[in-house]
Amino acid sequence: MSKVLGTIVMVFWPGFVAAQDITIAALGDSLTQGYGLSAPDGFVPQLDAWLQAQGKEVKLINAGVSGDTTAGGLSRIDWTLTPDVDAVIVALGGNDLLRGIEPAVSRANLDGILKAAAAADVDVLLVGMQAPGNFGPEYKDVFDAIYPDLAAAYGTEYAVSFFEGLGGPNLDPATLGPFLQPDGIHPNADGVAKIVGALGPHVVDLIARVE
């Protein structure tokens, strides 16, 4: 009977969107893809489990590509935003920093991604990234401003840092050892769990926009 009633509600309540019909694509790099981890321990599977524990039945698509830059994300955004995608998590920029790409280029690429999402009427959670200090204070200031500026310009959901659960912009490298893989860059399963715990509420807010 509950299924029948649910069907009736969906038919006669035009604005209603069932939670299980919501599809979210996670557009990112190796951090999103789950580099070095067994399938259940990656970011997307752990986020899916976290959301289910909150009673959020959504479909998550892992659109993470190891090594991807903001340029790669821009090149993939049109075919990532298929008609069934309702929202997208954009978590890119780390590899731009590793390559020392000019912040203006990264900004233009992220702007293109958000513009494509807006044109497709797809809600966005933009996840920030902070530059290390070795590029100098001017580079860091310009790069770090990209994410809050674009989030405000496009009215997206915004998370300050992908690593918010590990300390965010002010994370202490000395405390990260237990949460990183041997390469010292990518989170291990425990690190991903902390990352998901901090980003999860932002995804819940993203879901609320779709609903």
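**Helix packing, salt bridges and core of the predicted model**

K140 and D144 lie four residues apart in helix α7 (residues 137–144) and are therefore separated by about one helical turn. In this predicted model, the two residues form a salt bridge in which the closest N and O atoms are 2.9 Å apart. An α-helix has 3.6 residues a turn, so residues three or four places apart point the same way. K140 has a relative accessible area of 27% and is partly exposed.

The salt bridges number five in total. Another of them joins the side chains of R209 and E157, with an N to O distance of 2.7 Å. R209 belongs to helix α9 and E157 to strand β5 (residues 157–159), so this pair ties together parts that are 52 residues apart in sequence. R209 is partly exposed, at 37% relative accessibility. E157, at 16% relative accessibility, counts as buried, because the limit for burial is set at under 20%. A further salt bridge links the side chains of D68 and R76, also with a value of 2.7 Å from N to O. In this pair, both D68 and R76 are buried.

Helix α3 spans residues 43–53, and F43, V44, Q46, L47 and L51 are buried within it. Viewed down the axis of α3, these buried residues fall within an arc of 165 degrees, so they line one face of the helix. The elements covering the buried residues of α3 include strands β1 (23–28), β2 (59–64) and β3 (87–91). Helices α2 (30–33) and α9 (189–210) are also among the covering elements. Just after α3, G55 adopts a positive phi of about 80 degrees.

V204 is located in helix α9. With a relative accessibility of 21%, V204 counts as partly exposed. Apart from neighbours within four places in sequence, V204 is in contact with W50, L51 and K56; of these, L51 is one of the buried residues of α3. The C-alpha atoms of V204 and Q54 are separated by 8.7 Å, although the two residues are 150 residues apart along the chain.

In soluble globular proteins, nonpolar side chains tend to be buried together. The largest nonpolar core of the model holds 56 residues, of which I24, F43, V88, I89 and F162 touch the most other members. Helix α9 supplies the largest share of this core, with eight residues. When residues up to four places away in sequence are not counted, V88 touches I24, A25, L27, L81, A117, V122, D123, V124, L125 and L206. F43, listed among the core residues that touch the most other members, is also one of the buried residues of α3.

Rolling a probe the size of a water molecule over the atoms shows where empty space is left. One cavity of 30 Å³ or more was found. The volume of the largest cavity is about 30 Å³. Its lining consists of S30, L31, G34, Y35, L37, G42, F43, Q181, P187 and V192.

Conventions. Residues are numbered from 1 along each chain as its sequence is written. This is a predicted model: local features need pLDDT of at least 70, side-chain atom pairs count only at pLDDT 80 or more; totals for chains, interfaces and linings use all residues. Side-chain values use heavy atoms; hydrogens and water are left out. Buried means under 20% relative accessible area, exposed over 50%, partly exposed in between (1.4 Å probe, protein chains only). Helices (H or I, at least four residues) and strands (E, at least two) are DSSP runs, numbered from the N terminus. The arc is that of the directions from the helix axis to the C-beta atoms. Contact means heavy atoms within 4.5 Å. A salt bridge is a side-chain nitrogen of Lys or Arg within 4 Å of a carboxyl oxygen of Asp or Glu. A nonpolar core is a set of buried Ala, Val, Leu, Ile, Met, Phe, Trp, Tyr and Cys residues joined through side-chain atoms within 4.5 Å. On a 1 Å grid over the protein atoms alone, a cavity is a set of points where a 1.4 Å probe fits but cannot get out, and a pocket is an open set with protein on both sides within 12 Å along at least five of seven lines; lining residues have an atom within 4 Å of a point. Grid points are joined across faces, edges and corners, and a volume is the space filled by probe spheres set on the points.
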